[in-house]
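We will go from one selection to the next.

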Amino acid sequence: IDDNVIYSGASLNNVYLHKQDTYRHDRYLILKNKALAHSMVQFIQQHILMATAVHRLDQAAIPTTRSIKRDIRSFREHLKRARYIVPESMSDDRRKLNAELGLTVTPLVGVGKNNPLNRVICQLLAASQQQITICTPYFNFPLAVTREINRALERGVKINIIVGDKTANDFFVSPDQPFKIITALPYLYEAKLRRFAKAHQGALDRRQLNLHLWSDAENTYHLKGLWIDYQYSLMTGNNLNPRAFRLDLENALLINDPKQELAKQKQAELASIYQHTTQLTRYTELQKISDYPNDVRKLLSRLSRTLMDRLAYRVL
């Protein structure tokens, strides 16, 4: 909006904006920066609105998906090459200077495997020396992220992971409600978190790895982002899961803050997130599959026997 960028991984609806009885906890960032706003608007105009696969929804004749399949494929291939245009004032030399002197913000975008945003996420994790804090609503890291987390633990990096409790997942329904296949997803994620915690119980014992579960009554959790070594932070809508890394168009704002100019805002945000979390000390604090409702237990067992759970983790 004009020279302001309002950046979030949230949707603009009643539950995210807490207009009714419940809310979905997410992150919101407001930046007043003309160059950044221009760069992001230019991307939308050049790479999205001009695409033949994109159509206004207020027009009388809206084509079917089948009729524009070729346009959609071309659109996706085009987006793989699309980048935010960096203003001349933010050339490589100037960015290096800014990094030495103070705060910088870099917009990133990517779709598909090994895209620039995915690479930056993995590079940030790989470069960490002191601490990593990760927020994700669904515990389902891509293999590349899991690998970097394991390597960081071997280096002695302290890692905090804040993930939604299964009851804070937007797909969760009470066990006394009718069962649908999609309602098994929160249990699928929790089962993976339990296996991860079991594999890293030693790191949990020595408090090098800290797993925090977010839960607040009937409200839900949808936070995404990274904080690395008290200098870098990543504001993104990327869920840090295989679908975001392989299928979805995602973007982010990478903040480099060598002088800790945003330290107070960062601590206030993290404090508000931790306010509704509990810390796991042992993997046994999470339920086993045998503890789940009967319909959920049957489905997860069937998926595991047919190896379909691996496919589910990759696309959900």
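This tour starts at a sheet, moves to helices and ends at a single serine. Bear in mind that the model is predicted.

**Stop 1: the sheet**

Show the strands as a cartoon. Eight of them form an open sheet in the order β4-β11-β10-β9-β5-β6-β7-β12, and the pairing is mixed. Find the edges next. They are β4 and β12 (277-280), each of which pairs on one side only. Now look along the sheet: from one strand to the next, the twist averages 15°.

**Stop 2**

Select residues 249-256. This is strand β11, and six of its eight residues are buried, so mark the strand as mostly covered.

**Stop 3: a parallel pair**

Move to residues 158-164 and 209-214. These are strands β6 and β7, which run parallel and are joined by six bridges. Select I162 in order to find its bridge partner in β7, H212.

**Stop 4: helix α5**

Select residues 143-155. Helix α5 lies across β5 (131-136), β6 and β7. It runs at about 145° to β6.

How far apart should the end C-alpha atoms of α5 be? At 1.5 Å a residue, its 13 residues should span 18 Å. In the model the end C-alpha atoms are 19 Å apart, which agrees.

Which residues of α5 are buried? Color V145, E148, I149, A152 and L153: these are the buried ones. Now turn the view to look down the helix axis. The buried residues fall within an arc of 140°, so they line one face of α5. Color L143 and E154 differently, as they are exposed on the other side.

G156 follows α5, and its phi is positive, near 95°.

**Stop 5: helix α9**

Select residues 263-274. Helix α9 has twelve residues. From first C-alpha to last it reaches 16 Å, close to the 16 Å expected at 1.5 Å a residue.

Show the side chains of K266, L270 and I273, which are buried. Look down the axis again. The buried residues of α9 fall within an arc of 55°, so they line one face of the helix.

**Stop 6: serine 301**

Finish with S301. Its place is in helix α10, residues 294-305. Is S301 buried, partly exposed or exposed? It is partly exposed, because its relative accessible area is 28%, and partly exposed covers values between under 20% for buried and over 50% for exposed.

Display the side chain of S301 and the backbone of R297. The side chain of S301 reaches the backbone oxygen of R297 at 2.9 Å.

Notes
Residues numbered from 1 in each chain as written. Predicted model: local features only at pLDDT ≥ 70, side-chain atom pairs only at ≥ 80, totals over all residues. Heavy atoms only, no water. Buried < 20%, exposed > 50% of the residue type's maximum accessible area, 1.4 Å probe, protein only. Helix = DSSP H or I, 4+ residues; strand = E, 2+ residues; numbered from the N terminus. Expected span 1.5 Å × (residues − 1). Arc of directions from axis to C-beta. Pairing = 2+ DSSP bridges. Axes fitted to C-alpha atoms, helices over the stretch in contact; angles between N-to-C directions. Contact = heavy atoms within 4.5 Å. Polar contact = N/O pair within 3.5 Å; in protein donor to acceptor, adjacent residues only side chain to side chain.
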